[in-house]
Amino acid sequence: MSPRILHIARNTFREAVRDRVLYNLIAFTLLLSGAAILVGQISFDIERLVVINLGLTAVSMFGVVIAIFIGIGLVSKEIEKRTLYTVLSRPVRRWEFIVGKFFGLAGTLVVNTFCMAIGVFGALFYVAHKFTRPDALILVALYFIVLEFLIICSLALLFSSFSSPLLSAVFAFSLFVIGSFADDLRGFAGLTHGFTRWFATGAAYLVPNFSALNVITAVAHEQGPSPQLILQNTLYALFYTAMALSGAVLIFERRNLK
Amino acid sequence: MAAIEILGLEKTYMVGFWRKRPKRALQPLHLTVEEGEIFGFLGPNGAGKTTTLKILMGLVFPTAGTARILGREWTDPEVKAQIGFLPEQPYFYDYLTAHELLDYYGQLSGVPGKDRKHRVDEVLERVGLTDIKGVQLRKFSKGMLQRTGIAQAILHSPKLVFFDEPMSGLDPLGRREVRDLMEQLKHEGKTVFFSTHILSDAEALCDRVAIINKGELRGVGAVEDLTSTVQGKVEVIWQGTQVPSSMRALGAECHVTGDTVRAVLPENQQDAAIDALRRERIRLIAITPLRTSLEAYFVEKLQHSQTTAGKTS
């Protein structure tokens, strides 16, 4: 990898830290601690289920919000503030800038998820007083959540490369919502005919399939995904991310920075 | 070898929301800047100076034409390791300190780690920011940001430096320091290309200038040549505030400033003027042929372009 990509990624990570993005961890910790204490007091035998469901959903939601709201500004903010001028007037290729920004944001989210994962396991230990073998499945769910973040980051960057932050946020969030119901969309496509069927099927395969990456409920019920699904999801997420990033690069390579 | 060869670069933007129409920001531009010179790119606001610089920096793509920088295609990424650029009204990552910003830019420019700290400290000293190198840029004034911008442009010892309105936002002392810095860069053998609409800066600094207006090159040449046109008049300066009537009789336009008088009169009246001052026992300070100022040349070129445009339309 080009050292310039690493430098840009490191600077993007530093920006996120200095802009107090990781402060969301405090909110997360408070939410999870409160939930763990409350669940421990009022529920019987489902503490583990509630903590895993709530914890992993919070990890996913907090991360999605960060990915969208930082991702949409990664390029457009640099153009608007003209900080890009002194970067691209150096021996930095435009694709290196996009890829560096992506890795910087992805790195921020991985660190954020790692810290939250510690919180989830801490809360789990608090309510269950021990770890069991099925708890290791939480790691798979966290891995899928990270894959989800990679896709969202690349989509936010794609939108950021040609539109305003507001529109980018709308596009990215809409895709996240639609993608979360991708399986339902495919089911709906199967029930329709003619043009509607073509359109619904095309849309179902075009939007990112976030529902396949959501195994939180299954993991909470101690049902782990198969190795085949892990491999499929990994390849799918990497392919989708690569495609979205390539789109961002193609657009950005041709863009006039007025 | 020429430092910059601009070969017919032009730029047309499409403007309008529904019905797009072309707007030409830069007519085909042909310009050569030699190595080691300070070259001034002059023009009023909106003349096309920044567009030209943005094209050369690869920030905007030209509609047509090409350019060579330091003997290579201007789009060659290797060229960018040898050039520095200060944009107009620069803005930087304000969560970084000046030291961190320069270190980051040093990394992107490929300055080796072992030299980087030394180089960063050196340029911070050179632009007078050493004392506040640990302060975040969000706390910097406009002048400090301009100095930071100059520092990042020369950080990697580029052979060619582009400055877009480098005096903007600086106080008189800061402007003087930037002028000195540009002269130092020239003495170090570097080429300086800077855009400005402040003509006194250009006249004081530049070896050659080009004048651009409404995207079209209006004139180019050495400052000495452009300002050497003798207008058939002489300027006579003498001590005191007294204006002898004999001087007025010679057709002199006299202006009293402080304890000196400046008079402009036809060249063929020069000897008569000296005699008149001797008769009145007035101390003569200077007598010089009146030359065109860069400002006069600039205004003439701009007026000429407006007249031409008016006739065309």
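Mentor: Two residues are in contact if their C-beta atoms, placed from the backbone, lie within 7 Å. Please keep in mind that this is a predicted model, in which local features need pLDDT of at least 70 and side-chain atom pairs count only at pLDDT 80 or more, while totals for chains, interfaces and linings use all residues. Residues are numbered from 1 along each chain as its sequence is written, and chains are lettered from A and ligands numbered from 1 in the order in which they are written.

Trainee: How many residues of chain B are in contact with chain A?

Mentor: The size of an interface is often given as the accessible area lost when the parts come together. Here the description rests on contacts: 23 residues of chain B touch 21 residues of chain A. On the chain B side, the elements giving two or more residues are α2 (77–80) and α3 (98–108); helices (H or I, at least four residues) and strands (E, at least two) are DSSP runs, numbered from the N terminus. The largest share, four residues, comes from α3(B). By class, this side of chain B has 16 nonpolar, five polar and two charged residues (nonpolar: Ala, Val, Leu, Ile, Met, Phe, Trp, Tyr, Cys and Pro; charged: Asp, Glu, Lys and Arg; polar: the others, Gly among them).

Trainee: How many helices and strands does chain A have, and what are its spans along the principal axes?

Mentor: Chain A contains 12 helices and zero strands. Its C-alpha trace spans about 60 × 55 × 30 Å along the principal axes. The radius of gyration, taken over C-alpha atoms, can be set against the globule rule of 2.2 Å times the number of residues to the power 0.38. For the 258 residues of chain A, a compact globule would have a value near 18 Å, and the 20 Å of this chain agrees with that. Of contacts in chain A between residues at least 6 apart in sequence, 85% join residues at least 24 apart.

Trainee: Which residues have the most contacts inside the largest nonpolar core?

Mentor: In soluble globular proteins, nonpolar side chains tend to be buried together. A residue is buried if 20 or more other C-beta atoms lie within 10 Å of its own, exposed if 12 or fewer, and partly exposed in between, with C-beta atoms placed from the backbone. A nonpolar core is a set of buried Ala, Val, Leu, Ile, Met, Phe, Trp, Tyr and Cys residues joined through C-beta atoms within 7 Å. The largest one has 141 residues, and A:Ala67, A:Ile152, A:Cys153, A:Ala156 and A:Leu157 have the most contacts inside it. Helix α7 (residues 137–160) of chain A gives the largest share of this core, 17 residues. Beyond its neighbours within four places in sequence, A:Ala156 is in contact with A:Ala67, A:Ile68, A:Gly71, A:Ile72, A:Ser168 and A:Ala172. A second, separate core of 11 residues includes B:Val234, B:Trp238, B:Ala263 and B:Ala273. Buried residues make up 41% of chain A and 37% of the 313 residues of chain B.

Trainee: In what order do the strands of the six-stranded sheet of chain B stand?

Mentor: Strands of a sheet pair through backbone hydrogen bonds, either parallel or antiparallel; pairing requires that DSSP finds at least two bridges between two strands. Chain B has 11 helices and 14 strands. Six of its strands form an open sheet in the order β6-β7-β8-β3-β9-β10, with mixed pairing. Because β6 (83–86) and β10 (216–222) each have a single partner strand, one side of each is left without a neighbour in the sheet. Strand β9 (residues 208–213) pairs with β10(B) in the antiparallel sense over six bridges, and B:Ile212 has B:Leu217 as its bridge partner.

Trainee: Which strands does helix α1 of chain B lie across?

Mentor: Axes are lines fitted to C-alpha atoms, for helices over the stretch in contact, and angles run from 0 to 180 degrees between N-to-C directions. Helix α1 (residues 49–56) of chain B lies across β3 (38–42), β7 (160–164), β8 (191–196) and β9 of chain B, at about 145° to β7(B). Helix α5 (residues 142–154) of chain B packs on the sheet and touches β6 and β7 of chain B, its direction making about 165° with that of β6(B).

Trainee: Where do β12 and β13 of chain B form a hairpin, and how many residues stand between them?

Mentor: Strand β12 (residues 253–257) and strand β13 (residues 260–266) of chain B pair in the antiparallel sense over five bridges. Two residues lie between these strands, and B:Gly258 in the turn has a positive phi of about 60°. B:Thr257 stands opposite B:Thr260 in β13(B).
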